[in-house]
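Subject: Structure handover

Hello,

Here is the structure I said I would pass on. My notes on it follow below.

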There are 2 protein chains.
Amino acid sequence: MVERGRPRSFDRADALRRAMELFWAKSYEGVSLSELTTSMGINPPSLYAAFTSKDALFREAVALYRSTEGDRTWSGFETAATAREAVAGLLKASAENYSRDDKPRGCLIVLGALHCDLSNTAVNRDLADLRMQCVKQLQERLERAIAEGELPQTIDVQAIATFYVTIQQGMSIQARDGASREMLLAVADCAMVAWNGLTVSQN
Amino acid sequence: MVERGRPRSFDRADALRRAMELFWAKSYEGVSLSELTTSMGINPPSLYAAFTSKDALFREAVALYRSTEGDRTWSGFETAATAREAVAGLLKASAENYSRDDKPRGCLIVLGALHCDLSNTAVNRDLADLRMQCVKQLQERLERAIAEGELPQTIDVQAIATFYVTIQQGMSIQARDGASREMLLAVADCAMVAWNGLTVSQN
DNA sequence: CCATTTATTTAGTGATCGATACAGAAATAA
DNA sequence: TTATTTCTGTATCGATCACTAAATAAATGG
């Protein structure tokens, strides 16, 4: 089956990539349609034909972010031999990915739509859900470590998971404010200093 | 000298307080003039006569936030007997103040204007400066603790200060996402578990 | 009283927001 | 060729943005 009609004159994937970087740098409400169309090199009708709406474009941008930048941060998490190495690697990768010279600083999912009250826009709720998933992922890794005997059953899985995600999210703000890669890595190291105390058996 | 002209028909301080809570809940760009005037119970010309512009109103709101909510968080910091108690108290107060039932969740200075590229708007730069001042304040307290012999000279003052501020800032996002007060307090406790390791003499 | 001063209400300003109507262009199908 | 389909550029749409001009209201000074 061959496609009918006039062929699209721009690279959809490339246009999406440019939109993602704009949203990443300036957040959802911080980017206007005219900025998007200018950066993507297309006119509004082409954007809407290809991506439906600003909302839908943002969702696709977030999905692309997760499969590229997010993967750079989380790929080592599941493969790490121990929970400690998984968390340490996550923080280290976050520090590095939040401070690249050729990319916006910080995390799109953390900084992309912090506006508004709780449960305001759909975009906001989607990002909050993704942020929650990070905590859940750490919790599950910690529970696996308990099941495998690496960590004692007495640890507070939820608190530890929330603690390390809180640091990761705070690093996004630090990165946006100009903290150097070295400083972000130092923060990650500081966070891991708590590991032994947090995971020791306390009966 | 008595004031001339028609007297103002609204309470300026009360109107400012309402504006502060709106900005706190929804950030600078997230609040529109019509929302402000509605909540403050006045018309746009009255707002501009009393506060000059949305920018200036936001600055006054931030100043009010610092002298009220900010004071709730930081008042115990300088009076604490030790650096450890100062930092622990700061995190505990942050957890509590970011999760009050009658107030917006999180911190206005952290969440008030995260939009935009680095050094974009004046509002953004002002808040970034205030965020930096938090790090500086912790640094100075740690240096004082060194001078007083509480902590060894070998500690990395900047890294430790940035680490604890990073947690405080991350707690704003957690609070905005709905984390309970208990969970925020647990995060603060987790952060203090690192204290001994971070401040031990390592020569 | 009247002049002056300041605040208020009404009713807008131009600019920009996200999103589209419409006509023409460029492909396939028959 | 002609019909159909889909994309593209121009030129907007109504809504909302931050903000204000103009007339009126309410106080004081003389």
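How many salt bridges are there between chain A and chain B? The count is 2. Please keep in mind that this is a predicted model. In one of these salt bridges, A:Arg131 pairs with B:Asp177, and the closest N and O atoms are 2.6 Å apart. Polar contacts across the interface of chain A and chain B come to 4 residue pairs, with both residues at pLDDT 80 or more.

The protein interface

On the side of chain A that touches chain B, two or more residues each come from α1 (12-26), α6 (108-111), α7 (122-147), α8 (157-176), α9 (181-193) and α10 (195-199) of chain A. α8(A) has the largest share, with 14 residues. By residue type, this side of chain A splits into 24 nonpolar, 11 polar and 7 charged. In total, 42 residues of chain A are in contact with 43 residues of chain B. The buried area between the two chains is about 3500 Å², and carbon and sulfur atoms give 69% of that area.

DNA strand D

DNA strand D is surrounded by 23 residues, and the closest are A:Ser9, A:Asn43, B:Leu33, B:Tyr48 and B:Lys54. Of the atoms of DNA strand D that come within 4 Å of the protein, 71% belong to sugar and phosphate.

- The side chain of A:Asn43 has an N or O atom 2.6 Å from a phosphate oxygen of DNA strand D.
- A:Arg6 has a polar backbone atom 3.2 Å from a sugar or linking oxygen of DNA strand D.
- A:Arg4 has a polar side-chain atom 3.3 Å from a base oxygen of DNA strand D.

Two or more residues of the surface near DNA strand D come from each of α3 (44-51) of chain A and α2 (33-40) and α3 (44-51) of chain B. α3(B) gives the most, with 3 residues. The residues of this surface near DNA strand D are 9 nonpolar, 7 polar and 7 charged.

DNA strand C

Around DNA strand C there are 23 residues, the closest being A:Leu33, A:Tyr48, A:Lys54, B:Ser9 and B:Asn43. Sugar and phosphate make up 69% of the atoms of DNA strand C that come within 4 Å of the protein. The contacts here involve both chains:

- A:Lys54 has a side-chain N or O atom 2.6 Å from a phosphate oxygen of DNA strand C.
- B:Ser9 has a polar backbone atom 2.7 Å from a phosphate oxygen of DNA strand C.
- B:Arg4 has a polar side-chain atom 3.3 Å from a base oxygen of DNA strand C.

For the surface near DNA strand C, at least two residues each are supplied by α2 (33-40) and α3 of chain A and by α3 of chain B. The largest share, 3 residues, is that of α3(A). The surface near DNA strand C divides into 9 nonpolar, 7 polar and 7 charged residues.

Regards

Note on methods. Residues numbered from 1 in each chain as written. Chains lettered and ligands numbered in written order. Predicted model: local features only at pLDDT ≥ 70, side-chain atom pairs only at ≥ 80, totals over all residues. Heavy atoms only, no water. Near = heavy atom within 4 Å. Polar contact = N/O pair within 3.5 Å; in protein donor to acceptor, adjacent residues only side chain to side chain. Helix = DSSP H or I, 4+ residues; strand = E, 2+ residues; numbered from the N terminus. Nonpolar A, V, L, I, M, F, W, Y, C, P; charged D, E, K, R; others polar. Contact = heavy atoms within 4.5 Å. Buried area = accessible area lost by both parts, 1.4 Å probe. Salt bridge = Lys/Arg side-chain N within 4 Å of Asp/Glu carboxyl O.
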